[in-house]
Structure formats: C-alpha cells, structure tokens
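Subject: Handover of a structure and its findings

Dear colleague,

Please find below the sequence and structure that I am handing over to you. The notes that follow set out what was found.

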Amino acid sequence: SPKKNPLAINTLIFLKRYIAMKNKILITCLFYINDNNKNYRIKNCLESLESLKKLNKDDFDIIAVANNCSPSFTRRLNREKVFKEVVNLKENFWDTSVIYSAAYLAKKNKYKYCLYTYDDFVFYNHDFGRNCIQFLNRNSDCSCIRIPKWEYNRMDLYNSEITPKSSNPDAVRHYQNTGFDESNVSITSTAKLKWEGPIDI
C-alpha cells in the first residue's frame, strides 16, 4: 500500500514522468550573446527567445546552452521560466556545443527525440512538435526531420550539390542517412533518397 510504503508513491511518480518523457522532444538552444556582439545580435535573439516561450509545453522541454555568454545575459537566461536548465560554457565551442548537448542530454534523460536550434531562429508555428513526434514514430526508417524551409517542387534549390549553401543556407545533401544503427552510420552515403508524398501536415 502506498500509505505504508512511501517508496511506492515515488516509484509511481517516476514511472509516470519517465513514460511522459519518452514521447517528448528535448530542445537545446545555443545562445551566444556577449559584450562584443550584443549590439548586433540581441534583437534577433530576443525574438527567438519569445518564440521559444510560445512552444507547446506538452511536446517540448527546453535547455539553454550559454556559449561564452556574458555573465549578465547568462543570469537573464537563468531567470527565464521556459528553460528546464541552463548549461553555461565559458568558451565558444560554436555549433559543436549545441549539437552534442542535444544528443547527450536527450540520451542521459531518456528523451525519445531531440532538436537543436540557435538564438536567431524564430518558430512561427508553435504546435509542430506533435506532428514531428507522430511522423517519426510511424516512420522508423527516418532518423531526422529538417525544420527550415524546403520546397518539394523546387528541390534543386535545396540540394547542396546543385545550389551551394552560399546561395541558399537551407540547402542540404539529398542522400539517405542510414538511420539509428550507430555501427552502420555513414555520413558519406551516396544512396539516393526514397521519396514519399509529399504529405500535408
């Protein structure tokens, strides 16, 4: 009986939280605001921060990665209620810090999915998480979803082998990833994508 055994209550609470986390997305957001760059970065950063606050909390937990931020800005991040945690890095580790933080913290905390983003990205749709989760749950051969703009009818514009990133920063390689089997992952895969859809969501 839970009344006689307080551990039973704690275990039930832990299991409920564990089950809930399995189907959520952990977001890590890289912040890079310091005295040297604040004047030209802060406006976009604050817009990004406001958009993070509007995301559906049923689908996301958010962690800030303060990448060589000024102490005053790091204190501001710590005051924001939107973040479960603020990871404070004293050096600027560029993109590596947010990519590895997303993967490491999701694995450590048993999140099923993770997403990394930056302090100049703005989310205009705040309920996209459930659709992403449902799509990935249904399509186990897909290892990731890319969120920035991409047009099915103009796909050459988004293929980095045809349109360089200097012309379109959203261009990516149009090759298959080999999925979740870490022993078989090859970033140099030349297998062509298998197209389905497009599917309206």
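A salt bridge is understood here as a side-chain nitrogen of Lys or Arg lying within 4 Å of a carboxyl oxygen of Asp or Glu. Please note that this is a predicted model, in which local features need pLDDT of at least 70 and side-chain atom pairs count only at pLDDT 80 or more, while totals for chains, interfaces and linings use all residues. Residues are numbered from 1 along each chain as its sequence is written, and side-chain values use heavy atoms, with hydrogens and water left out.

Salt bridges

The whole structure holds nine salt bridges. One of them joins the side chains of K24 and D61, with 3.2 Å from N to O. K24 belongs to the loop between α1 (6-22) and β1, and D61 to strand β2, so this pair ties together parts that are 37 residues apart in sequence. Helices (H or I, at least four residues) and strands (E, at least two) are DSSP runs, numbered from the N terminus. K24 counts as buried at 14% relative accessibility, and D61 counts as buried at 13%. In these notes, buried means under 20% relative accessible area, exposed means over 50%, and partly exposed lies in between (1.4 Å probe, protein chains only).

A salt bridge also forms between the side chains of E80 and K53, at 3.1 Å from N to O. This pair links distant parts of the chain, 27 residues apart: E80 is in the loop between α3 (71-79) and β3 (83-89), and K53 is in helix α2 (residues 38-53). E80 is buried, with 14% relative accessibility, whereas K53 is partly exposed at 32%. Both residues also take part in a network of salt bridges that links E50, K53, R76 and E80.

K149 and E151 form a further salt bridge through their side chains, at 3.8 Å from N to O. Here K149 is exposed at 55% relative accessibility, and E151 is partly exposed at 22%.

Helix α5

Which residues of α5 are buried? They are F128, G129, C132, I133, F135 and L136. Seen down the helix axis, these buried residues fall within an arc of 165°, so they line one face of α5; the arc is that of the directions from the helix axis to the C-beta atoms. An α-helix has 3.6 residues a turn, so residues three or four places apart point the same way. The cover over the buried residues of α5 includes β1 (25-31), β2 (60-67) and β4, where contact means heavy atoms within 4.5 Å.

Backbone features

W94 has a positive phi, near 55°, although it is a residue other than glycine. W94 is part of helix α4 (residues 94-108) and is exposed, at 60% relative accessibility. K110, which is not a glycine either, has a positive phi of about 65°. K110 sits in the loop between α4 and β4 (113-118) and is partly exposed, with a relative accessible area of 40%.

A cis peptide bond, with omega of about 10°, joins G197 and P198. P198 lies in the segment after α5.

Surface patch

W150, Y152, L193 and W195 make a nonpolar surface patch of about 350 Å². Patches are made of residues with over 30% relative accessible area and no salt bridge, with like charges joined within 9 Å and nonpolar side chains (Val, Leu, Ile, Met, Phe, Trp, Tyr) within 5 Å. Accessible areas come from the Shrake-Rupley method with a 1.4 Å probe, and for residues only the protein chains shown count as cover. W195 is in the segment after α5 (128-138) and is partly exposed, with a relative accessible area of 42%.

With kind regards
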